[in-house]
Amino acid sequence: MEITTDIEGGNGDVQYCYGDEAGITIRPDPGAVAQQWFHARVQTDSKSPHRIVIANAGSAPTRTRSRYRACASYDGSRWFRVRTTYDGRELVITHAPRARFVHYAYFAYYSEARRARLQRQVRRVPWAKIERIGESVRGRPIDVLTFGEDDADLHLWLVARQHSGEAMAEWLAEGFVGRLLDDDDETVRAVLSKAAVHVVPCANPDGAAMGHQRANAAGVDPNRAWSDPEDAPEIAAIRAAMDGTGVDLFLDVHGDERDPYCFLAGCEGNPSYSSRIRLLESVFEESLCTTNPDFQDEFGYDRDEPGEGDLRTASNWVGERYDCLSYTLEMPFKDNANAPDDRRGWSPERSAHLGHDVLSAMAEALPMLR
Ligand SMILES: [Zn+2]
């Protein structure tokens with residue numbers, strides 16, 4: 001077998017490769033922001049099982065890796081889970097591939113080619129447009145996809161993949177955008193009659209291409225840069241675009257390594273948090289619980305105490321600045337423990353389905369937003 005991490009979104013220094021085994025170590029993000037993402041491509045003519053040993057997986061807290069299984073794909077589009085063991089230090093993938101090339105990654109990688117394909121679909125519909133609002137540290141475009149009219153009464157924003165290794169966020173954005181492309185959908189028509197919907201499918205394109213878990217190319221965690229985006233031009237661009245439209249509802253989409261559930265985190269720790277926002281939260285969350293079989297509101301982060309909200313993060317910063325319903329939406333890296341899928345775990349398809357259903361919850365909350 002041969003192994004390389006010199007691929008888009010690749011991460012892993014190859015330590016050895018002989019027989020049916022290869023060893024890699026995960027490269028930490030610049031600025032030591034995180035160290036979890038791996039993505040390698042194996043080439044082999046053997047049909048017998050091979051082993052990929054990740055020697056330094058133990059740098060992440062043990063609890064994040066229990067019951068974790070790595071993702072694999074032959075074509076970069078359809079992903080499945082493979083046998084993975086973790087002893088608190090080494091992560092070992094064991095797999096007998098059915099094709100000559102196989103990718104292994106921490107989660108199903110969402111590629112630049114797929115992003116471009118989605119943009120081509122968006123360009124074909126007259127109620128949508130794509131605006132380049134800025135550039136990343138390395139000069140990659142920060143694009144906003146907007147559906148509906150610029151002068152709409154309300155502006156709904158969804159930002160995904162600030163943390164580039166949390167690729168499920170961009171799969172969710174694809175499902176969300178896919179629904180907005182269908183004007184036969186009554187919910188889409190109802191939302192767009194009152195609101196414009198703005199989507200940033202990938203807020204950290206450098207990190208995505210360079211194989212970072214969280215950091216941008218300057219070694220900054222974008223989701224700690226909202227109050228001071230000096231070294232995060234990606235966030236400065238999104239903030240400026242939001243100031244141009246105003247924000248009446250905001251969703252910041254992530255993946256969580258610990259909890260095997262989909263859940264929302266609000267801004268109850270913000271200085272301006274009010275009973276009005278609490279009511280909006282209950283409407284939105286109830287709707288999403290009813291609509292999407294994977295969403296639940298029993299498990300999630302501990303609620304912030306009043307005044308404890310971290311205003312460096314997107315959802316808190318946006319909620320405070322615009323006094324609007326504002327959330328972090330988390331999906332699991334592993335699986336939904338309430339509805340496990342042995343073959344695929346938490347998957348691109350389920351992420352996209354949740355993205356589709358998020359629009360229904362937005363529609364439910366829409367009449368009450370202002
Ligand atoms: Zn995140």
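**Helix packing and domain contact**

In this predicted model, helices α7 and α9 cross in a right-handed manner. Helix α7 comprises residues 275–291 and helix α9 residues 348–365. Their axes are 8 Å apart, and the angle between them is about 145°.

The residues that form this contact can be listed for each helix. From α7 come Leu280, Val283, Phe284, Ser287, Leu288 and Thr291. From α9 the contributors are Asp357, Val358, Ser360, Ala361, Glu364 and Ala365. Sorted by class, the contact between α7 and α9 contains 7 nonpolar, 3 polar and 2 charged residues.

The chain as a whole may be considered next. It is divided into domain 1, covering 2–105, and domain 2, covering 112–368. A distance of 28 Å separates the C-alpha centres of domain 1 and domain 2.

The two domains also touch: 21 residues of domain 1 are in contact with 21 residues of domain 2. On the side of domain 1 that touches domain 2, α1 (62–65) and β7 (79–81) each provide at least two residues. Of the elements on this side of domain 1, β7 gives the most, with 3 residues. The class composition of the side of domain 1 that touches domain 2 is 7 nonpolar, 8 polar and 6 charged residues.

How values were computed. Residues numbered from 1 in each chain as written. Predicted model: local features only at pLDDT ≥ 70, side-chain atom pairs only at ≥ 80, totals over all residues. Axes fitted to C-alpha atoms, helices over the stretch in contact; angles between N-to-C directions. Helix = DSSP H or I, 4+ residues; strand = E, 2+ residues; numbered from the N terminus. Left-handed = near helix turned anticlockwise from the far one by under 90°. Contact = placed C-beta atoms within 7 Å. Nonpolar A, V, L, I, M, F, W, Y, C, P; charged D, E, K, R; others polar. Domains from an automatic or database assignment.
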